[in-house]
Amino acid sequence: MDKFTAFMEKHFIPVASKVGSQRHLVAIRDAFLVSMPLMILGALAVMINNLPIPDFQNLMNAIFGGEAWKGFGGAVWNGTFAILSVFIAFLLAYNIAYSYKKDAVATGVVSLACFFTLGAAVSGMSSTGLFVALIVGIVSAEIFTRLIDNPKLVIKMPDGVPPAVAKAFASFYQLVQQPFMGLANSYGSALLIAFITPFLWFFGLHGANMIDPFMQTINALAIEANVKAIEAGKAAPYIVNKPFIDSFVNMGGTGVTLGLVIAIYLFGHKNKPYMVVNNLAAAPGIFIPFIITPMVCVTIAYFATKAGLVPAATVMPPWVTPPIIGGILATKSIAGGILAAVNLAVSTLIYAPFVIMATMQEQQKEQSAK
């Protein structure tokens, strides 16, 4: 294990650190972080409008004399998710320019203009245009930040954009974005996310932040597609998204560590160093369950959703939402809470043997000392 750790520290961590601090990935992450409250607000508005409680729906209809009250939730959606790509086009370019110490506001405005010129007419301003917004934000920021300080260069805007440009972007969207979205319905991609995040954390790298740009790229589009499919009476097409991972895999944090906390309270209370998260039976004792637990939980959650036992996640609860409650909110179903409770119990069982072994080792050390 020591050789493996030394190898990873020498060859893997430097590369992963560079990836984690890469300018464009950081800009994507920060752009989504800024827009996250609006996304949550829009998701909550949709959840309230479609809350599957007949008594609630009947009460609201009685108070407002019909379903006119749903217009407010629709308006909230129009001001959040419906223009998400607009936010990202501006914020991404803004963050890139800021990292270069250039005029961030001007760069964001240029990116926004480019997005409306090239992308919005083709892909829309909601999450469906997200991929185009990312490309436009990066390309426009890179070009504009290089031109902005050159007094000899004058950028002349054309009178119009040739139709061929719009067609090119439409083809680009179909060829790149659609296959990329297929990852949101793949068990392999879910398992990879469940593995790579704690794997990076084990080596001192912020795994959640490093994987977040990928999650955010598929997240909004997957949620919106799920909502539309369910409203049309069809099956949700995308299982893997951020609320799915947060509600059924990252309970208590990466590694399903709430299960570890419960296991310590149940089986490790006699281990004083362990109670303060210390002397945890050497590296393998923490590495193995920390990696395996989220992979087991994502497997259970994925196939439970795939089999129709639990509805797909269509709402993004705030990240501080307690486990189980988060599962209910994300799926708008009690079944989601039950699935979260099952995964929490499974995670506790996985951590339990390691906690018991560590406690026994600590007790033996104390007896030897006496």
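## R29 in helix α2

R29 is buried, at a relative accessible area of 17% (buried is under 20% relative accessible area, exposed over 50%, partly exposed in between, with a 1.4 Å probe and protein chains only). R29 sits in helix α2, residues 23-49 (helices are DSSP runs of H or I with at least four residues, strands are runs of E with at least two, and both are numbered from the N terminus). Between R29 and L92 there are 63 residues in sequence, with a C-alpha to C-alpha distance of 8.7 Å.

## Model and overall make-up

The model is predicted, with local features requiring pLDDT of at least 70 and side-chain atom pairs counted only at pLDDT 80 or more, while totals for chains, interfaces and linings use all residues. Numbering starts from 1 along each chain as its sequence is written, and side-chain values use heavy atoms, with hydrogens and water left out.

The protein has 16 helices and 0 strands. Of its 370 residues, 44% are buried. Among contacts with a separation of 6 or more, 74% are between residues 24 or more positions apart (contact means heavy atoms within 4.5 Å).

## Packing of α5 and α7

Two packed helices are described by the angle between their axes and the distance between the axes. Helix α5 (residues 84-99) and helix α7 (residues 130-147) have axes that come within 8 Å and cross at roughly 30°. Here the axes are lines fitted to C-alpha atoms, for helices over the stretch in contact, and angles between N-to-C directions run from 0 to 180 degrees. The two helices are therefore roughly parallel to each other (angles under 35 degrees count as roughly parallel, over 145 as roughly antiparallel, 65 to 115 as roughly perpendicular and the rest as oblique). The crossing of α5 over α7 is right-handed; a crossing is right-handed if the near helix is turned clockwise from the far one by less than a right angle, and left-handed if anticlockwise.

On the α5 side, the contact is made by L84, S85, I88, A89, L92, A93, I96 and A97, and on the α7 side by L130, A133, L134, G137, I138, S140, A141, E142 and T145. By class, these residues are 12 nonpolar, 4 polar and 1 charged. Ala, Val, Leu, Ile, Met, Phe, Trp, Tyr, Cys and Pro count as nonpolar, Asp, Glu, Lys and Arg as charged, and the others, Gly among them, as polar.

The axes of α2 and α7 come within 12 Å and cross at roughly 125°. That angle makes α2 oblique to α7, and the crossing is right-handed. H24, I28 and F32 of α2 meet L130, L134, I138 and E142 of α7. This contact holds 5 nonpolar, 1 polar and 1 charged residues.

With helix α4 (residues 70-78), α2 has axes that come within 8 Å and cross at roughly 155°. The pair is therefore roughly antiparallel, and α2 passes α4 in a left-handed crossing. L41, G42, A45, V46 and N49 of α2 make the contact with K70, G73, G74, V76 and W77 of α4. The classes here are 5 nonpolar, 4 polar and 1 charged.

## Buried polar side chains

S111 lies in helix α6, residues 104-123, and is buried at a relative accessible area of 0%. Its side chain makes a polar contact with the side chain of S140 at 3.4 Å. A polar contact is a pair of N or O atoms within 3.5 Å; within protein, one must be able to donate a hydrogen and the other to accept it, and residues adjacent in sequence count only if both atoms are side-chain atoms. Apart from neighbours within four places in sequence, S111 is in contact with A89, A93, V136, G137 and S140.

N226, in helix α10 (residues 207-231), is also buried, at 0% relative accessibility. The N226 side chain reaches the backbone oxygen of A313 at 3.3 Å. With neighbours within four places in sequence left aside, N226 is in contact with A236, P237, Y238, N241, A312, A313 and T314.

## Positive phi in two loops

K101 is a residue other than glycine with a positive phi, near 60°. K101 lies in the loop between α5 and α6 and counts as exposed at 78% relative accessibility.

I324, again not a glycine, has a positive phi near 75°. The loop that holds I324 runs between α14 (282-306) and α15 (325-331). At 31% relative accessibility, I324 counts as partly exposed.
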